[in-house]
2 protein chains.
Amino acid sequence: MRPDDSPAIGELGENRLVARFRTLASAGLDRGVVVGSGDDAAVLSVAERRLLLLTCDMMVENVHFRLDWARPDQIGWKAMAQNLSDIAAMGGEPAFAVASLATPGNAPEEVAEGITRGLVSAAAEYGAALVGGDLVGSQGPVVLDVALAGWVEREAMLLRRGARPGDAICVTGSLGASAAGLAALQRGLVHDHAPDLQRALKAHHEPRPRVFEGQAIAATRRATAMMDLSDGLAEDLPRLCAESGLAARVFADRIPIDPSCTTLAGRLGLDPLSLAASGGEDYELLFTCPRDAVDEIAAAVAARTGAVVSAVGETSPGKGVVLVDDEGKTHEFARGFDHFAAPESCGEGDGA
Amino acid sequence: MRPDDSPAIGELGENRLVARFRTLASAGLDRGVVVGSGDDAAVLSVAERRLLLLTCDMMVENVHFRLDWARPDQIGWKAMAQNLSDIAAMGGEPAFAVASLATPGNAPEEVAEGITRGLVSAAAEYGAALVGGDLVGSQGPVVLDVALAGWVEREAMLLRRGARPGDAICVTGSLGASAAGLAALQRGLVHDHAPDLQRALKAHHEPRPRVFEGQAIAATRRATAMMDLSDGLAEDLPRLCAESGLAARVFADRIPIDPSCTTLAGRLGLDPLSLAASGGEDYELLFTCPRDAVDEIAAAVAARTGAVVSAVGETSPGKGVVLVDDEGKTHEFARGFDHFAAPESCGEGDGA
């Protein structure tokens, strides 16, 4: 992993690394940034009459990523993408991020620099800026935490609560590509250049948060609740239903399984539906709306980015989420993975 | 450390812990919080005509804290205090925090719960609220990252740049107590109940950020630059001078060494001045102002909180920071510690 001429962080010293971080981070600054990285806090112009959104997500080496599976810039991209997806899930506009990184003193400089590059790229792609950070030494795994602030018009904001009985349950894009990519990594298919494998690996390492789709959905004012699919439909839909105080039915044959998921599941002897429903890390949007609004919202999303919207089920009064299979039988929707029971990206136990 | 009846995080499951986090975190919510922890992002009312401040600080077990030296709530307090101090250093008002925590699956539940309690207490003490967070598993050390947003009036904001030649260099409070507390811990004096030791340990574990002092200093509109003393005067003053493009002289006999530092240095055979100048983690404020403004600012701070302000030196055109000793000899001001060369709180190498 580490070329002989790549200085380690310990040799480089924190101040020089911080200076490099500043240089990299300043690339994404826009007019809203009064003072970026380098003072005690970033200083940002506050837009009036909007609500501030604030979120954070932490990624730990060998739990959420592996340095032998992902490039440092992909790790940075994904960390920022997770946060962007949280802002997307509110119908918001991402604005300003700060990131903290813990690395062993003997980590190659490329790790911190690559991660920062990825953070900056992902932020810039979606109109946000990395405005500050902290870089610390550690004797343990690389740990990356991103906090992201954004804005949303009060009237456009979508929460997890708000779904109504009889609403259609919709998702953007397709599901299962990220989980299929992870499964391929776990089984050592990384040197295979099949297009479906490459598509799945890209989905896993460089997810594209649905920021503009979220804004398009919110702008229609027809959706009733929204969240992002980070842990998989089988875990996230029950959360949305619990927040809204509703039950739900999902129809297996309506779940938009990504073609790469179907192909790779076949190669790996896995069930594509399970990967699509429980694999997680798709960062698609899950939302509810009146049934007669589905076409309008789908058209708005298609017009904005070309992404597809699929209605996969419906809400009803009560509790519990069930999956209706092709034969009309209902199954309790199994929850996805638990970080502590089975770490997210790497399939390795954490000593629990 | 772990009572037999204390459930481990792995047993408890993430969802239950997140629910406990929400309960704890909701205690600090004020009217500015539209939606706190539990949705994809916290939703916050945006104040008009003010600048948004955003900062983050990460703490790593066995680098920045040890679980056998500090209680979990003290670790949470200190993590929040570091961020509050960054907002204080801008003359700002802390508002909304998010926190991410990585813990091994076999960590006692009390660690996460205690840390959260400390985060919430420190935020509430200074008018801020913990509005969200992330809790992840890890195979490595406990890692805690806090991001804090705050506000500042555009005209009141103080940066590291802005000092002018001939300005007085001032600090709030006294220096060296935290470093003396750390030195005592490193040398095993923890079971000693001498008041000076207890004072130093409290300064080390539960620093009190100078939020209200920072606001008082900023409100005078007389200060020219400000930052907080997190790495020690010998490291932080050169940063302020570099940002302002100035040189500085500090007079050793004017440095307000905390009495507990003097006492403990005597017991431990250490130099109190070195501890006060280079030890770090005092979280006092360092600021510059015209010499004729020192009394006015000191009076404003005293009126607000009773804290003392000391003028310790002066800026001049040029580069470099020197310490003038009691005999009038000048010494290059040695920089404090480097996270990567010698980890901050625990005196243990990080493998570099």
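Of the 352 residues of chain A, 60% count as buried, a residue being buried if 20 or more other C-beta atoms lie within 10 Å of its own, exposed if 12 or fewer, and partly exposed in between, with C-beta atoms placed from the backbone. The model is predicted: local features need pLDDT of at least 70, side-chain atom pairs count only at pLDDT 80 or more, and totals for chains, interfaces and linings use all residues. Residues are numbered from 1 along each chain as its sequence is written, while chains are lettered from A and ligands numbered from 1 in the order in which they are written.

Chain A has 11 helices and 13 strands; these are DSSP runs numbered from the N terminus, helices being H or I with at least four residues and strands E with at least two. Among contacts in chain A between residues at least 6 apart in sequence, 83% join residues at least 24 apart. Here two residues are in contact if their C-beta atoms, placed from the backbone, lie within 7 Å.

Two packed helices are described by the angle between their axes and the distance between the axes. In chain A, the axes of helix H6 (residues 195-205) and helix H9 (residues 259-268) come within 9 Å and cross at roughly 115°. Axes are lines fitted to C-alpha atoms, for helices over the stretch in contact, and angles run from 0 to 180 degrees between N-to-C directions. From H6(A), the contact is made by Asp196(A), Leu197(A), Arg199(A) and Ala200(A), and from H9(A) by Pro259(A), Ser260(A), Cys261(A), Thr263(A) and Leu264(A).

Turning to chain B, strand S4 (residues 93-104) is mostly covered, with 12 of its 12 residues buried. Nine bridges join S4(B) to strand S6 (residues 143-152) of chain B in an antiparallel arrangement, and Ser100(B) stands opposite Asp145(B) in S6(B). S4(B) is also joined by nine bridges to strand S5 (residues 129-138) of chain B, the two running parallel; Val98(B) has Gly132(B) in S5(B) as its bridge partner. Strands pair if DSSP finds at least two bridges between them.

Chain B also contains an open sheet of seven strands, in the order S8-S10-S7-S11-S9-S12-S13, with mixed pairing. Strand S8 (225-229) and strand S13 (330-332) of chain B stand at the edges, each with a single partner strand, so one side of each is left without a neighbour in the sheet. Neighbouring strands of this sheet are turned by 30° against each other on average, direction ignored. S8(B) pairs with strand S10 (residues 284-289) of chain B in the antiparallel sense over five bridges, and Met227(B) stands opposite Leu286(B) in S10(B). Helix H7 (residues 211-219) of chain B packs on the sheet, touching strand S7 (168-172), S8 and S10 of chain B, and its direction makes about 10° with that of S10(B).

Leu285(B) is found in strand S10 of chain B. This residue is buried, with 29 other C-beta atoms within 10 Å. Its C-alpha atom is separated by 6.5 Å from that of Ala89(B), 196 residues apart along the chain.

Most residues other than glycine have a negative phi, and most peptide bonds are trans. Tyr283(A), although not a glycine, has a positive phi of about 55°, and its place is in the loop between helix H10 (272-278) and strand S10 (284-289) of chain A. Glu281(B), also not a glycine, has a positive phi of about 65°.
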